[in-house]
Amino acid sequence: MGPAVRVQGLWKRFGEQVAVAGVDLELPAGRFIGLVGPNGAGKTTTLSMVTGLLRPDSGRVEIGGHDVWQDPVAVKARIGVLPEGLRLFERLSGLELLAYTGRLRGLPGDEVDKRAAQLLDVLDLASAQHKLVVDYSTGMRKKIGLAAALLHNPQVLFLDEPFEGVDPVSAQTIRGVLERYTASGATVVFSSHVMELVESLCDWVAVMAAGRIRAHGPLTEVRGGASSLQEAFLELVGAGDRGEHHDLDWLGGGAR
Ligand SMILES: Nc1ncnc2c1ncn2[C@@H]1O[C@H](COP(=O)(O)OP(=O)(O)OP(=O)(O)O)[C@@H](O)[C@H]1O
């Protein structure tokens, strides 16, 4: 089986700022993949280019063997995306949003109804299905966004910070759905800067810093001899000694 995603020579600049500086990456199919890196590392920019939301300055991306920019329809049929800062149709109810998304995806009406009912149930949104999305909480928005991204049963699911602002119960629910999804051979790619989360969920990771991939591979390989992914990550991104500085010696109790 070929890689789920193949990225070659990907670059993106915003004026003087180089956000993504030559990323080459092959993401294996059927894995739970974490893209980790500090704030500003270029994770969102990379995922936006990989999913066809942002045009790269140069480089190529293939998903399931299809070029994201030359064959966008084939790619979009195969992927689901939960972007950061997801915009939803606020004046639709959760159920209406799924019905609309399903029809846009070309699914027959009765199939959409069946899948929507199951997703709402599994994601614990059934009791809120007639509520307008504008009235949903942050966690509910993530869950309805996830349901919309899964409705057409994509081969690869991209999630940008899916657990940000989500309470532990909802996080567990989301996690259960994602684990079930990857167990059946699909691929999840998600970005996060929460190492514990990545370590507990992912079996394959790519570490990004300053627009480049610093390490990638099975979790155990990337972690190497370090006691945790967090420790390996701090060594990789060269921030191991951060916090040792005494510039803030005025901060805290004592003399004002
Ligand atoms: N539209 C834009 N215009 C200008 N600069 C941008 C734009 N988008 C991203 N950048 C810059 O590119 C760099 C990478 O940003 P990006 O959002 O991809 O990082 P990230 O790894 O997702 O960070 P975070 O974890 O904080 O979300 C940052 O320096 C950011 O300021």
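Good morning. I begin with a helix contact: G94, L97, L98 and T101 in α3 meet I144, A147 and A148 in α5, where contact means that the C-beta atoms of two residues, placed from the backbone, lie within 7 Å. By class, the contact of α3 with α5 has five nonpolar, two polar and no charged residues. In this scheme Ala, Val, Leu, Ile, Met, Phe, Trp, Tyr, Cys and Pro are nonpolar, Asp, Glu, Lys and Arg are charged, and the others, Gly among them, are polar.

Two remarks on the source. This is a predicted model, in which local features need pLDDT of at least 70 and side-chain atom pairs count only at pLDDT 80 or more, while totals for chains, interfaces and linings use all residues. Residues are numbered from 1 along each chain as its sequence is written.

Helices (H or I, at least four residues) and strands (E, at least two) are DSSP runs, numbered from the N terminus. Axes are lines fitted to C-alpha atoms, for helices over the stretch in contact, and angles run from 0 to 180 degrees between N-to-C directions.

Let me return to the helices. The axes of α3 and α5 (residues 138–150) lie 9 Å apart, and the packing angle is about 25°. The two are therefore roughly parallel to each other; that term covers angles under 35 degrees, with over 145 counted as roughly antiparallel, 65 to 115 as roughly perpendicular and the rest as oblique. The crossing in which α3 passes α5 is right-handed, that is, the near helix is turned clockwise from the far one by less than a right angle, anticlockwise being left-handed.

What does α3 do with α4? The axes of α3 (residues 94–104) and α4 (residues 109–122) come within 10 Å and cross at roughly 135°. These helices are therefore oblique to each other. Here too α3 makes a right-handed crossing, now with α4. On the α3 side the contact has G94, L95, L98, A99, G102 and R103, and on the α4 side V112, R115, A116, L119 and L120. Its residues divide into seven nonpolar, two polar and two charged.

α5 also packs with α6: their axes come within 10 Å and cross at roughly 10°. That makes α5 roughly parallel to α6. G139, K142, K143 and L146 in α5 meet S170, I174 and V177 in α6, a contact with three nonpolar, two polar and two charged residues.

I turn to the sheets. Strands are said to pair if DSSP finds at least two bridges between them. Six strands form an open sheet with mixed pairing, in the order β6-β7-β8-β3-β9-β10. At its edges stand β6 (79–82) and β10 (212–218), each with a single partner strand, so one side of each is left without a neighbour in the sheet. From one strand to the next, the twist averages 15°. Within this sheet, β3 (residues 32–36) and β8 (residues 187–192) pair in the parallel sense over five bridges, and G34 stands opposite F190 in β8. Helix α6 (residues 168–183) lies across β3, β7 (156–160) and β8, at about 140° to β8.

A second open sheet has four strands in the order β2-β1-β4-β5, and its pairing is antiparallel. Its edges are β2 and β5; each has a single partner strand, so one side of each is left without a neighbour in the sheet. Eight bridges join β1 to β2, and V7 has L25 in β2 as its bridge partner. Five bridges join β1 (residues 5–14) to β4 (residues 58–63), with S58 in β4 as the partner of W11. β4 and β5 (residues 66–67) are joined by two bridges, and I63 is partnered by H66 in β5. In the hairpin of β4 and β5, two residues lie between the strands, and G64 takes a positive phi near 55°. Helix α1 lies across β1, β2 and β4, running at about 120° to β1.

Finally, the ligand. Which residues are around it? They are F14, Q17, A19, G37, N39, G40, A41, G42, K43, T44, T45 and H193, the criterion being a C-beta atom, placed from the backbone, within 6 Å of the molecule. By class, this shell has three nonpolar, eight polar and one charged. β2 (17–27) and α1 (43–50) each supply at least two of its residues, and α1 gives the most, with three residues.
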